[in-house]
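Biologist: I would like to learn how to read a protein model step by step. Could you take me through one, giving the general idea before each case?

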Amino acid sequence: SPPSVRWQATLSDVSLARYRAEGPVSSPALTPDGTLVVGFAGALFGLGMEGQVRWRQEATPLKTPVYPVVAGDGKIGGLSTFGWLVLLDREGRAITNVGGMGADKEVGSPAIGHDGLFLVPGAKQLWAFSPPELRSPWRCRLSSSRRWYGVAVGADDTVYAATGDDTLRAVRKDGTIRWSLPLNGGPRSAPAIDADGTLYVGGM
């Protein structure tokens, strides 16, 4: 039999009305304690598994659509399309934030390396940030385009980046480029990685 909708949560309200037209922009992320983190336009929400709102965070930089990502220790990163990374604890309380990545609406979702670094797409560059202070040990210029389709992290901490200049790139965990592969029609999705290391990326 076909599936049915178990629950639906409405997250828009008066205080977010000016962002309502933007709508949600990314997949939810799940914390170790079972909180579903949803990036909305202007805020991050933590939902219980029955759709109830556990917490809501409108940290100052979160003025545009937000992409959430969750670390293994439960810390939550939210990347605003203005190029701000906000770090929250597992209860949704803001710890710190950092800006200056110069991102725009096409930044794609951040990722987390096995070493705990937040890997953040910015304008033409990939940034690494170390929690909780969010210092940046490296950044790598990747593309002539500001558009991103996302990043993924391999078992050896190689970062695979799909960028808007029709190229798939591999970046070592020290921020140096391992290889670049032009793709006919260009990547149009974040990469996915098989257990044997095979990469899959959607295109046109």
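Modeller: We will go from the whole chain to its sheets, and then to its charged side chains. Please keep in mind that this is a predicted model.

Biologist: How many helices and strands does the protein chain have?

Modeller: The protein chain has 18 strands and zero helices. Of its 204 residues, 49% are buried, and the accessible surface comes to about 9900 Å², with 50% of that area belonging to carbon and sulfur atoms. Among the contacts with a separation of 6 or more, 38% are made by residues 24 or more positions apart.

Biologist: How should I read a sheet, and in which order do the strands from β13 to β16 lie?

Modeller: In general, the strands of a sheet pair through backbone hydrogen bonds, and the pairing is either parallel or antiparallel. Here, four strands make an open sheet in the order β13-β14-β15-β16, and their pairing is antiparallel. The edges are taken by β13 and β16 (177-182), each of which has a single partner strand, so one side of each is left without a neighbour in the sheet. From one strand to the next, the twist averages 15°.

Biologist: What can I look for in the hairpin of β11 and β12?

Modeller: A hairpin can be read through its paired strands and the residues between them. Strand β11 (residues 125-130) pairs with strand β12 (residues 135-141) in the antiparallel sense over five bridges, and Ala 128 stands opposite Trp 138 in β12. Four residues lie between the strands, and Leu 134 takes a positive phi near 60°.

Biologist: Which parts of the chain are linked by the pair of Asp 166 and Arg 188?

Modeller: The side chains of Asp 166 and Arg 188 meet in a salt bridge of 3.4 Å, N to O. This pair links distant parts of the chain, 22 residues apart: Asp 166 lies in the loop between β14 and β15 (167-171), and Arg 188 lies in the loop between β16 and β17 (192-193).

Biologist: Where is Asp 157, and what is the nearest side chain of opposite charge?

Modeller: Asp 157 sits in the loop between β13 (148-153) and β14 (159-163). Asp 157 is buried yet has no salt bridge, and the nearest side chain of opposite charge, Lys 173, is 4.8 Å away, which is beyond the 4 Å cut-off for a salt bridge. Leaving out residues up to four places away in sequence, Asp 157 touches Gly 113, His 114, Asp 115, Val 171 and Lys 173.

Terms used:
Residues are numbered from 1 along each chain as its sequence is written. This is a predicted model: local features need pLDDT of at least 70, side-chain atom pairs count only at pLDDT 80 or more; totals for chains, interfaces and linings use all residues. Side-chain values use heavy atoms; hydrogens and water are left out. Helices (H or I, at least four residues) and strands (E, at least two) are DSSP runs, numbered from the N terminus. Buried means under 20% relative accessible area, exposed over 50%, partly exposed in between (1.4 Å probe, protein chains only). Lys and Arg count as positive and Asp and Glu as negative; His and the chain ends are not counted. Contact means heavy atoms within 4.5 Å. Accessible areas come from the Shrake-Rupley method with a 1.4 Å probe; for residues, only the protein chains shown count as cover. Two strands pair if DSSP finds at least two bridges between them. Axes are lines fitted to C-alpha atoms, for helices over the stretch in contact, and angles run from 0 to 180 degrees between N-to-C directions.
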